[in-house]
Amino acid sequence: MPFYAGQQGKLFIDGSSTPAAKVVSWSFTSTANVLDTTTLSDTDRTLIYGVRSMSGLCRLYYYNYAEGAAVKNDCGALLSKIIKTGSSPGDGENDPSDPVLLRLYVDDGSSTGRYLDLPALITNASMSMSVGEVLAADISFEVNGAPLASSNLNTATTQAAVL
């Protein structure tokens with residue numbers, strides 16, 4: 001079984017067939033809350049699963065395409081989901097933030113690869129400039145519901161559970 005490195009990772013935005021340009025990293029966390037079902041006569045604590053949630057983040061280099069070049073699916077696409085402009089100072093009624101569909105993808109050499117399709121809401125976008133660093137945007141997101149589709153990203157976990 002091979003290992004996978006960052007070079008095999010890709011990020012697709014809103015169902016595009018072209019990977020987002022200049023992606024540095026992506027990550028996600030899946031959490032399941034538990035509910036206590038212990039009763040007064042029990043001697044040991046018992047639990048059941050409650051609500052699941054997923055969140056994650058990605059880092060993209062902010063890249064400016066050459067004049068006249070086709071704009072690709074990139075950092076600006078994610079920033080535009082949460083950063084909206086107003087019409088005047090103090091204007092509190094502007095366009096709402098937009099949801100996004102993210103495909104977190106690992107190129108494993110197969111025809112489909114390994115991936116998760118996540119309907120998400122961008123919850124944070126941050127950028128900073130530093131001497132000696134490339135301008136990058138850090139994007140945080142919360143998944144809205146369950147993943148819409150997945151390939152065999154979790155196959156290794158499933159096989160390990162059987163053993």
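The legends below describe close-up views of a predicted model.

Local features are described only where pLDDT is at least 70 and side-chain atom pairs only at pLDDT 80 or more, while totals for chains, interfaces and linings use all residues. Residues are numbered from 1 along each chain as its sequence is written, and side-chain values use heavy atoms, with hydrogens and water left out.

View A. D14 sits in the loop between β1 (9–13) and β2 (23–36); helices (H or I, at least four residues) and strands (E, at least two) are DSSP runs, numbered from the N terminus. Most residues other than glycine have a negative phi. D14 counts as partly exposed because its relative accessibility is 40%; buried means under 20% relative accessible area, exposed over 50%, and partly exposed in between (1.4 Å probe, protein chains only).

View B. With a relative accessible area of 12%, K81 is buried.

**View C. Strand β3 pairs with β2 and with β6.** Strand β3 (residues 47–61) is antiparallel to β2, with twelve bridges, and antiparallel to β6 (residues 136–143), with seven bridges. Two strands pair if DSSP finds at least two bridges between them. R52 in β3 stands opposite A32, and S55 stands opposite E142 in β6.

**View D. A salt bridge joins K84 and D98.** The closest N and O atoms of this pair are 2.6 Å apart. Both K84 and D98 lie in the loop between α1 and β4 (99–106), so the pair ties together parts that are 14 residues apart in sequence. K84 is partly exposed at 29% relative accessibility, and D98 is partly exposed with a relative accessible area of 32%. A salt bridge is a side-chain nitrogen of Lys or Arg within 4 Å of a carboxyl oxygen of Asp or Glu.

**View E. Salt bridges also link D36 to R45 and R114 to D108.** The structure holds six salt bridges. Between the side chains of D36 and R45 the N to O distance is 3.3 Å; D36 is partly exposed at 47% relative accessibility, whereas R45 is exposed at 60%. For R114 and D108 the N to O distance is 3.2 Å, and R114 is buried, with a relative accessible area of 14%.
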